[in-house]
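User: I'd like to learn how to read a fold from its coordinates. Can we go through one together?

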Amino acid sequence: MSFAGTATYVTTDDLRVAVNAAVALERPLLVKGEPGTGKTILAHEIAQALGKPLIQWHVKSTTKAQQGLYEYDAVSRLRDSQLGDPRVHDISNYIVKGKLWEAFDADEAPVLLIDEIDKADIEFPNDLLLELDRMEFHVYETRQVVKARKRPVVVITSNNEKELPDAFLRRCFFHYIRFPDPDTMARIVDVHFPGLKQDLLREALTLFYEVRDVPGLKKKPSTSELLDWIRLLVVEDVGADTLRERDPKKLTLPLHGALLKNEQDVMLFERLAFMARRERG
């Protein structure tokens, strides 16, 4: 089976090629791109399209690679030994399986999502090199080797917060999701808001991309924020004419809280509106 997108996820040709190449090469698919470009949801859509179960490992700054394999719960074993529990004689009772073990143990090859790998320590990717390459690891406490029954489809996302090691990159198939152009974005909006008035869509996209192009913007609005904004425009019955207005006395962005996420960017637009007033007055 090959990935061709789904009814709810708009893909580009290069993204489809990247997914299918990673599957064919049996290499992890490393996906980068600015926040809000659909990196995480891609794994969900691949699982849906290929009819595979999805296992998700969301990485945090405190996450260690070992947690993805397994953890030995020594505290519980000590407590049970003090209570005289006979379970303490079998150390396997205190081995907690991680997400990689869960994926390796699955009867059907799953899609394994390792989300935001760049949040963790720089050694995190290196600590998973052999496990992702060989699809096996050793459990020292029980002296067993865990091998993948069926090789999972591995999707790894990164927000480019830090550089990943070269040795890790060599083992991945890389794809950068570019921010959607207006035509692709119109298709994405149509999936979420079928039947949206075309004049409203046209004006909303025009204003959205103008906002993203403003020099000095600290956080550019993403696709998900555009969808939130359009939802509010529909709920509040804001028409295309309102978006088309360029009233210099106002902040020229109705319901701007859906797009601008910090006070610096709001103040930037207020200054731009003030400068426009001075130029016209």
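User: What covers the buried residues of H2?

Analyst: Some ground rules come before that. This is a predicted model, in which local features need pLDDT of at least 70 and side-chain atom pairs count only at pLDDT 80 or more, while totals for chains, interfaces and linings use all residues. Residues are numbered from 1 along each chain as its sequence is written, and side-chain values use heavy atoms, with hydrogens and water left out.

Now the terms: helices (H or I, at least four residues) and strands (E, at least two) are DSSP runs numbered from the N terminus. Buried means under 20% relative accessible area, exposed over 50%, and partly exposed in between (1.4 Å probe, protein chains only). A contact means heavy atoms within 4.5 Å.

As for H2, the cover on its buried residues includes H1, S1, strand S2 (54–58), strand S5 (111–115) and strand S8 (153–158).

User: Which residues of H2 are buried?

Analyst: The general idea first: an α-helix has 3.6 residues a turn, so residues three or four places apart point the same way. In H2 the buried ones are Lys39, Leu42, Ala43, Glu45, Ile46, Ala47 and Leu50. Helix H2 spans residues 39–50, and its end-to-end C-alpha reach is 17 Å, close to the 16 Å expected at 1.5 Å a residue; the expected span is 1.5 Å times one less than the number of residues. After H2 comes Gly51, with a positive phi near 70°.

User: Where do I find a positive phi on a residue that isn't a glycine?

Analyst: Glu26 is one of them, with a phi of about 55°. Glu26 sits in the loop between helix H1 (13–25) and strand S1 (29–32), and counts as partly exposed at 47% relative accessibility. Leu255 also isn't a glycine and has a positive phi of about 55°. That residue belongs to the loop between helix H12 (240–244) and helix H13 (263–280), and is partly exposed, with a relative accessible area of 32%.

User: Is Glu203 buried or exposed?

Analyst: Go by the relative accessibility: Glu203 is at 14%, so it counts as buried. This glutamate is found in helix H10, where the buried residues also include Leu200, Leu201, Ala204 and Leu205. Leaving out residues up to four places away in sequence, Glu203 touches Ala240, Leu243 and Arg244.

User: And Arg143, buried or exposed?

Analyst: Arg143 is exposed, because its relative accessible area is 73%. You'll find Arg143 in the loop between strand S6 (136–139) and strand S7 (144–147). From Arg143 to Ile114 is 29 residues in sequence and 26 Å in space, C-alpha to C-alpha.
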